Amino acid sequence: ASSYTPPDEATISAVLEAELQGMCPSGSTPLGLHIRALADRLGDGDADRPNKITIISDGVNTNGEDPIVAAQYVSDTYPNIQGDVIEVVGNDSLMQISQITGGSYYRTDNPDELLDALYSSAGICSDYTPVEPVDQNGCGSSGNWWNNN
């Protein structure tokens, strides 16, 4: 006989809330620094197949190098890196990042449109179609806990 007692719903909710709070961004957003560092790590693509950086932003840069300066550095140093920008507020400087690097610009606050923009940035040409996860006992043969219906 097992002596395990599952936690009650209030305990589960409290733990989940604490975990979610830990995922919330806090502190500064050094967008320019991250753009430059990622480009340096990624390196240049080629004209037929450029490398791509996808930036998802709330539209705020609060620390460090100006993102426009970083985008110009990327354009000058790695002409075959494109910077796609997906953002929610309509910040002109973020649009400029995509223009400077030859990338695409998407603005949306709709979750489905956000996923469509991510698909497009990744070069996936089909629209996002949400699927309902189906709880599976074990992992099944595919190793996934969900199943596309």
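Mentor: Begin with the elements: helices (H or I, at least four residues) and strands (E, at least two) are DSSP runs, numbered from the N terminus. Residues are numbered from 1 along each chain as its sequence is written, and side-chain values use heavy atoms, with hydrogens and water left out. The model is predicted, so local features need pLDDT of at least 70 and side-chain atom pairs count only at pLDDT 80 or more, while totals for chains, interfaces and linings use all residues.

Trainee: How many helices and strands does the protein have?

Mentor: Its secondary structure comes to five helices and three strands. Along the sequence they follow the pattern α-α-β-α-β-α-β-α.

Trainee: What span is expected of a helix such as α2?

Mentor: The expected span is 1.5 Å times one less than the number of residues. Helix α2 covers residues 31–42, which makes 12 residues. From its first C-alpha to its last, α2 reaches 16 Å, close to the 16 Å expected.

Trainee: Which residues of α2 are buried?

Mentor: Buried means under 20% relative accessible area, exposed over 50%, and partly exposed in between (1.4 Å probe, protein chains only). In α2 the buried residues are Leu 31, Gly 32, Ile 35 and Ala 39. They line one face of the helix, because they fall within an arc of 105° when seen down the axis of α2. The arc is that of the directions from the helix axis to the C-beta atoms.

Trainee: Let us take α4 next. Which of its residues are buried, and which are exposed on the other side?

Mentor: Leu 94, Ile 97, Ser 98 and Thr 101 are the buried residues of α4. Down the axis of α4 they fall within an arc of 90°, so these residues too line one face of their helix. Asp 92 and Gln 99 are exposed on the other side of α4.

Trainee: What covers the buried residues of α4?

Mentor: The cover includes the helices α2 and α3 and the strands β1, β2 and β3 (105–107). After α4 comes Gly 102, whose phi is positive, near 75°.

Trainee: Can we read a residue in a loop as well? Where does Asn 80 lie, and why does it count as buried?

Mentor: Asn 80 sits in the loop between α3 and β2. Asn 80 counts as buried because its relative accessibility is 19%.

Trainee: Which residues is Asn 80 in contact with, leaving aside its neighbours within four places in sequence?

Mentor: With those neighbours set aside, Asn 80 touches Asp 44, Gly 45, Asp 46, Ala 47, Pro 50 and Asn 51.

Trainee: Now the protein as a whole. What share of its residues count as buried?

Mentor: Of its 149 residues, 21% count as buried. For contacts, consider pairs of residues at least 6 apart in sequence: 56% of these contacts join residues at least 24 apart.

Terms used. Contact = heavy atoms within 4.5 Å.
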